[in-house]
Amino acid sequence: MRKFFLICFVFPTNYIAAQDLRWGKVSKKETNYTQCEFDKEAHAVVLASKGRISVSNGIYLSKHVRIKILDKQGVDEANIVIPFYSFDDFESISGLKAQTINIVNGKEEIEKVDRKLYFEEDINDKWKIKKFTFPRVQAGTIIEYQYSLRTSSYYFLEGWDFQSHLPVLYSELEAELPQNLTYNTIMKGRRLVEKYKEGNHRKWTLKNLPALKEEPYVDNISNYAEKISFQLASYKKRNNFQVSEEGVI
């Protein structure tokens with residue numbers, strides 16, 4: 001059997017990743033950023049991606065992504081597709097908003113994506129996609145979007161991929177879970193395992209992640225990404241812990 005190992009190297013960069021990611025607030029370092037130092041062939045780069053898991057009448061994953069288009073070959077990244085499992089309203093998307101940020105004559109020009117340009121399509125009887133395209137995208141454009149994905153599953157929480165098909169400068173996941181739910185954290189990827197092998201964590205961050213690229217003899221390269229998933233271990237009800245193979249009863 002042929003074995004495959006994904007080796008991730010840490011590359012230095014003088015770019016300070018957008019840890020303080022705020023909607024519409026971009027730094028000069030972001031607007032001046034022109035090349036990914038650890039992937040000079042990249043046509044676009046994820047400046048920052050942040051996720052937050054919370055519980056309120058369902059499990060919510062709130063996601064905020066900011067991408068820089070580095071050259072004209074990267075403009076296809078302005079076409080966003082978000083899949084979700086729609087069967088029996090198992091998952092749904094809300095709070096979607098997106099905007100384009102360009103620097104014109106030294107000034108920021110922000111253009112919101114019109115809600116009329118958000119489309120929802122059926123893939124099959126169980127899956128749907130939300131899709132949209134950012135306007136006026138060119139080399140140097142920053143695009144960002146955010147949304148919340150609600151799921152009915154308390155057993156398996158929506159996971160978080162720190163890597164993508166683009167290089168990622170900063171990625172963060174924070175989980176705010178009620179004390180009566182206990183989850184096993186399943187980590188994949190050398191960086192995550194080494195950084196968070198000890199302790200009980202509720203926030204995970206990684207920087208300067210190389211793009212996931214297709215490799216020969218690898219059916220699904222995403223299986224080798226730095227990622228986190230969660231599986232329900234127990235829940236507390238009336239001061240008694242119970243473990244269920246099928247989730248919360």
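**View 1. Strand 6 and strand 7 form a hairpin with four residues between them.** Helices and strands here are DSSP runs (helices H or I, at least four residues; strands E, at least two), numbered from the N terminus. Two strands count as paired if DSSP finds at least two bridges between them. Glu 121 has Ile 129 in strand 7 as its bridge partner.

This is a predicted model, in which local features need pLDDT of at least 70 and side-chain atom pairs count only at pLDDT 80 or more, while totals for chains, interfaces and linings use all residues. Residues are numbered from 1 along each chain as its sequence is written, and side-chain values use heavy atoms, with hydrogens and water left out.

**View 2. The largest nonpolar core has 44 residues.** A nonpolar core is a set of buried Ala, Val, Leu, Ile, Met, Phe, Trp, Tyr and Cys residues joined through side-chain atoms within 4.5 Å. Buried means under 20% relative accessible area, exposed over 50%, and partly exposed in between (1.4 Å probe, protein chains only). Ile 53, Phe 132, Phe 134, Phe 162, Leu 173 and Trp 204 touch the most other members. Strand 2 (residues 59-69) gives the most to this core, with five residues. A second, separate core of eleven residues includes Val 45, Leu 70, Ile 101 and Leu 169.

View 3. A salt bridge is a side-chain nitrogen of Lys or Arg within 4 Å of a carboxyl oxygen of Asp or Glu. Lys 50 pairs with Glu 172, with their closest N and O atoms 3.9 Å apart. Lys 50 lies in strand 1 (residues 44-55) and Glu 172 in strand 10 (residues 168-176), so this pair ties together parts that are 122 residues apart in sequence. In the salt bridge between Arg 66 and Glu 144, the closest N and O atoms are 2.9 Å apart. Arg 66 is in strand 2 and Glu 144 in strand 8 (residues 142-151), 78 residues apart.

**View 4. Glu 194 forms a salt bridge with Arg 190.** Their closest N and O atoms are 3.3 Å apart. Because they are four residues apart in helix 2 (residues 190-195), Glu 194 and Arg 190 are separated by about one helical turn. Glu 194 counts as partly exposed at 48% relative accessibility, and Arg 190 counts as partly exposed at 38%.
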